[in-house]
Amino acid sequence: VSEPQNFYDEVGGAPTFEKIVSRFYEEVAKDDVLRPMYPEEDLGPAEARLRMFLEQYWGGPRTYSELRGHPRLRMRHMPFKIGPVERDAWLRCMRIAVDEAGLDDAHRDQLWQYLQYAAMSMMNSDF
Ligand code: HEM
């Protein structure tokens, strides 16, 4: 999927992505399905990786790839069992974060469509 290069700027750049991803991880920290999946005690580094990835995907700085190389996200998620329960938990947290970010309807819908699709494509288990 290719997205317009200016989405990042249109939604307010770095502060907007910071807001969405930090709100997302606030929910992850409280989620009984997701929290145990994260290998590190400190969610900060995972938060930074997701934020940098999303910024890059939507046309912002390419810091994610400078630090992490090619995303290969499906492969990077293979160590974690991601079935319908995990996908729904992830989307539940993300829904809150996106809804609270104050985007206009068109940008919010575009972002949400992508996140739903991406979450589905990260699944590696039927249960
Ligand atoms: C990493 C869970 C979907 C982007 C991770 C990690 C876990 C995880 C446990 C390891 C934490 C870390 O060390 O970074 C899940 C679950 C999902 C999901 C349960 C449910 C569908 C997604 C989606 C995206 C995404 C849809 C992108 C739109 C990332 C990124 C990383 C990551 C960028 C860090 C990769 C790296 O190592 O550079 N995820 N994830 N995840 N996830 Fe997910």
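Helices here are DSSP runs of H or I with at least four residues, numbered from the N terminus, and the expected span of one is 1.5 Å times one less than its number of residues. Helix H2 covers residues 14–30, so its 17 residues should span 24 Å, and the 25 Å between its end C-alpha atoms agrees with that.

A word on the model: it is predicted, with local features needing pLDDT of at least 70 and side-chain atom pairs pLDDT 80 or more, while totals for chains, interfaces and linings use all residues. Residues are numbered from 1 along each chain as its sequence is written, and side-chain values use heavy atoms, leaving out hydrogens and water.

Back to H2. Its buried residues (under 20% relative accessible area, 1.4 Å probe, protein chains only) include Phe17, Ile20, Phe24 and Tyr25. The buried set packs against H1 (7–10), H3, H6 and H7, where contact means heavy atoms within 4.5 Å.

Now for the rings. Phe, Tyr and Trp (its six-membered ring) pair when their centres lie within 6.5 Å; planes under 30 degrees apart are stacked, over 60 edge-to-face, and the rest tilted. That rule gives 10 aromatic pairs. Phe24 and Tyr25 are edge-to-face because their planes sit at 85°, with centres 5.1 Å apart. Phe53 and Tyr64 also pair edge-to-face, at 5.7 Å centre to centre and 85° between the planes. This pair links distant parts of the chain, with Phe53 in H3 and Tyr64 in H4, 11 residues apart. Phe53 counts as buried at 11% relative accessibility, and Tyr64 is buried at 3%. Ring pairs also join Phe53 and Tyr64 into a cluster with Phe7, Tyr57, Trp58 and Tyr114.

Methods. Helices (H or I, at least four residues) and strands (E, at least two) are DSSP runs, numbered from the N terminus. Buried means under 20% relative accessible area, exposed over 50%, partly exposed in between (1.4 Å probe, protein chains only).
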